[in-house]
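Here is a short report on one protein model. Look over the sequence and the structure first, then read on.

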Amino acid sequence: MNGNRRNDMSELRHALNNLFTAILWTTELALEQAPPRDVKSALEAIARLAQSGGDLVEDLRSDAAGGGMSWSG
Amino acid sequence: MDGVRGRKVLLMDDDIELLRLMAAGFHAAGAEVEVAADGQAGFARFAACPAALVVTDIVMPLREGVEIVAMLKSGWPETKVIAISGGHRIGSEAFLALATQAGADAVLAKPAPLAKLLRLAAHLLDAPGEASTA
């Protein structure tokens, strides 16, 4: 992996982390509005997914730092 | 969230959407909110009218967050500073470690819940303590 490729990947991780943060914070602010129960459940699911997305980004970083990536499923 | 209510906070992030959302969260918690989209504008705003708490992104144009943390803690040691980062060239942990070394009272890796950031801010303003990592 050359330097440009590393920069591309780090910028992508940064952008993804910011994107997942925006989704998470938007969802939290919407939950503050006391939405109906079904909407609340959906918003809570979106928040969990955003946090899972952040975990995936961290996994990508860890795998890249370890010199390899493995994917399953 | 009594620690934030009525307190002046300055939020710095070059991601305008995140800045807007963060401001909405702090505003809803009762804080007096100032925002800046780069480190240079943020520091100028702070110097003109210091805040009790600063939340700063690390990777920003014109003046980066680690430099902001060091400048704030050098000139205004009583001001509480939270550094947040989504990582970049060297990853969130490395940036946040640098922010801690520069004197940040707390660091937070994105994506972290807004509620967690608000709790951390309230904690720092209510009960000053040692630097913490979240």
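## A covered strand

How many residues of strand S3 (residues 53–57) of chain B are buried? The count is 5 of 5, so put under the rule that buried means under 20% relative accessible area. This is a predicted model.

Leu53(B), Val55(B) and Asp57(B) are buried on one side. Val54(B) and Thr56(B) are buried on the other. In a regular strand the side chains alternate between the two faces of the sheet.

## Neighbours in the sheet

S3(B) has a parallel partner in strand S1 (residues 8–12) of chain B, and 4 bridges hold the pairing. Within that pairing, Val54(B) in S3(B) sits opposite Leu10(B).

S3(B) also runs parallel to strand S4 (residues 80–85) of chain B, with 5 bridges between them. Thr56(B) has Ala83(B) of S4(B) as its bridge partner. Between S3(B) and S4(B) the chain passes through helix H3 (residues 65–75) of chain B. This β-α-β crossover is right-handed.

## Helix H5

Does the length of helix H5 (residues 114–126) of chain B agree or disagree with its residue count? The lengths agree, because 13 residues at 1.5 Å a residue should span 18 Å and the end C-alpha atoms are 18 Å apart.

H5(B) has a set of buried residues. Leucines among them are Leu114(B), Leu117(B), Leu118(B), Leu120(B), Leu124(B) and Leu125(B). Ala121(B) and Ala122(B) are buried too.

Side chains of opposite charge can pair when their charged atoms come close. The structure holds 6 salt bridges over all chains.

Take Arg45(B) and Glu34(B). They form a salt bridge, with the closest N and O atoms 3.9 Å apart. Arg45(B) belongs to helix H2 (residues 39–48) of chain B and Glu34(B) to strand S2 (residues 32–36) of chain B, so placed 11 residues apart. Are these two residues buried, or partly exposed? Arg45(B) is partly exposed, at a relative accessible area of 40%. Glu34(B) is partly exposed as well, at 26%.Next comes Asp57(B), which meets Lys110(B) in a salt bridge at 3.4 Å, N to O. Asp57(B) lies in strand S3 of chain B, while Lys110(B) is in the loop between strand S5 (106–109) and H5 of chain B, so the pair ties together parts that are 53 residues apart in sequence. Both Asp57(B) and Lys110(B) are buried.

Asp105(B) and Lys73(B) make another salt bridge, at 2.8 Å, N to O. Asp105(B) is in the loop between helix H4 (92–102) and S5 of chain B, and Lys73(B) is in helix H3 of chain B. The two are 32 residues apart. Asp105(B) and Lys73(B) are both buried. Shared partners also join salt bridges into one network of Asp13(B), Asp57(B) and Lys110(B).

## Contact with chain A

How many residues of chain B are in contact with chain A? There are 23, and they touch 20 residues of chain A. Chain B and chain A bury about 1700 Å² between them. Carbon and sulfur atoms account for 62% of that area.

How many salt bridges are counted between chain B and chain A? The count is 0.

Technical notes:
Residues are numbered from 1 along each chain as its sequence is written. Chains are lettered from A and ligands numbered from 1 in the order in which they are written. This is a predicted model: local features need pLDDT of at least 70, side-chain atom pairs count only at pLDDT 80 or more; totals for chains, interfaces and linings use all residues. Side-chain values use heavy atoms; hydrogens and water are left out. Buried means under 20% relative accessible area, exposed over 50%, partly exposed in between (1.4 Å probe, protein chains only). Two strands pair if DSSP finds at least two bridges between them. A crossover is right-handed if, with the strands pointing away from the viewer, the path from the first strand over the helix to the second runs clockwise. The expected span of a helix is 1.5 Å times one less than its number of residues. Contact means heavy atoms within 4.5 Å. Buried area is the accessible area (1.4 Å probe) that two parts lose on being put together, summed over both. A salt bridge is a side-chain nitrogen of Lys or Arg within 4 Å of a carboxyl oxygen of Asp or Glu.
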